[in-house]
Amino acid sequence: MAKGRGSAMVTMAVLCLLAAALQCELAQATTYAVGGSGGWTFNVSGWEKGKKFKAGDVLVFNYQKGAHNVVAVNKAGYVGCSTTPRNAKVYTSGKDQIRLVKGLNSFICSLPGHCGAGMKIQISAS
């Protein structure tokens, strides 16, 4: 019986350490306002240069509600300015907050002509 209690204590200690590590990782996430003070607008591409993004960081897309949107797309959607895949998530609040995942994160404005005019960014998060 004592051996079983010891194993349970070790398991609990490991779980506590994992929970603490997860909290530290989330606490270190950085929040970025896309486009800086200008917000999510035309010709925002290039704003991401010089920044080091990590999975868990949050992008905030500020824009006038109704004037734009943000669509999380795949690489083909980014290149072709299309809402690819078909079930791409569309954000429309004007203060959208999107947590980055590891790898390539691609976003466009899907309103006619907006993506082609530079309302798109790609972020690589480590």
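What share of the 126 residues in the protein chain do buried residues make up? The points below start from that figure.

1. Basis. This is a predicted model, in which local features need pLDDT of at least 70 and side-chain atom pairs count only at pLDDT 80 or more, while totals for chains, interfaces and linings use all residues. Residues are numbered from 1 along each chain as its sequence is written, and side-chain values use heavy atoms, with hydrogens and water left out.

2. Burial and surface. Buried residues account for 32% of the 126 residues in the protein chain; buried means under 20% relative accessible area, exposed over 50%, and partly exposed in between (1.4 Å probe, protein chains only). The accessible surface of the protein chain is about 7,800 Å², and carbon and sulfur atoms hold 59% of that. Accessible areas come from the Shrake-Rupley method with a 1.4 Å probe, and for residues only the protein chains shown count as cover.

3. Elements. The protein chain contains two helices and seven strands. Read from the N terminus, the order is α-β-β-β-α-β-β-β-β. Helices (H or I, at least four residues) and strands (E, at least two) are DSSP runs, numbered from the N terminus.

4. Mixed sheet. An open sheet is formed by three strands in the order S1-S2-S5, with mixed pairing. Two strands pair if DSSP finds at least two bridges between them. S1 (31-33) and S5 (95-99) are the edge strands, each with a single partner, so one side of each has no neighbour in the sheet. From one strand to the next the twist averages 20 degrees; axes are lines fitted to C-alpha atoms, for helices over the stretch in contact, and angles run from 0 to 180 degrees between N-to-C directions. Three bridges join S1 and S2 (residues 58-62) in the parallel sense, and tyrosine 32 is placed opposite leucine 59 in S2.

5. Antiparallel sheet. Four strands make an open sheet in the order S4-S3-S6-S7, and the pairing is antiparallel. S4 (89-91) and S7 are its edge strands, each pairing on one side only. Here the twist averages 25 degrees from one strand to the next. S3 (residues 70-73) pairs with S6 (residues 103-108) over three bridges, and valine 73 has serine 106 in S6 as its bridge partner. S6 and S7 (residues 120-125) run antiparallel and are joined by six bridges; asparagine 105 has isoleucine 123 in S7 as its bridge partner.

6. Nonpolar cores. The largest nonpolar core has 18 residues, and those with the most contacts inside it are Trp40, Trp47, Leu59, Phe61 and Ile121. A nonpolar core is a set of buried Ala, Val, Leu, Ile, Met, Phe, Trp, Tyr and Cys residues joined through side-chain atoms within 4.5 Å. At least two residues of this core come from each of S2 and S7, and S7 gives the largest share, three residues. Isoleucine 121 touches, among others, Val34, Trp40, Trp47, Leu59, Phe61, Tyr78 and Phe107, not counting residues up to four places away in sequence. A second, separate core has six residues, including Val71, Val73, Tyr78 and Cys115.

7. Aromatic pairs. The count comes to five aromatic pairs. Rings of Phe, Tyr and Trp (its six-membered ring) pair if their centres lie within 6.5 Å; planes under 30 degrees apart count as stacked, over 60 as edge-to-face and the rest as tilted. Tryptophan 47 and phenylalanine 53 form a tilted pair, 6.0 Å centre to centre with 45 degrees between the planes. Tryptophan 47 is buried at a relative accessible area of 14%, and phenylalanine 53 is buried at 5%. Tyr32, Trp47 and Phe53 belong to one aromatic cluster.

8. Contacts across the sequence. Among contacts in the protein chain between residues at least 6 apart in sequence, 68% join residues at least 24 apart; contact means heavy atoms within 4.5 Å. One example is alanine 117, in the loop between S6 and S7. Alanine 117 and phenylalanine 42 are 75 residues apart in sequence but 6.0 Å apart in space, C-alpha to C-alpha. Neighbours within four places in sequence aside, alanine 117 is in contact with Phe42 and Asn43. Alanine 117 is partly exposed, with a relative accessible area of 31%.
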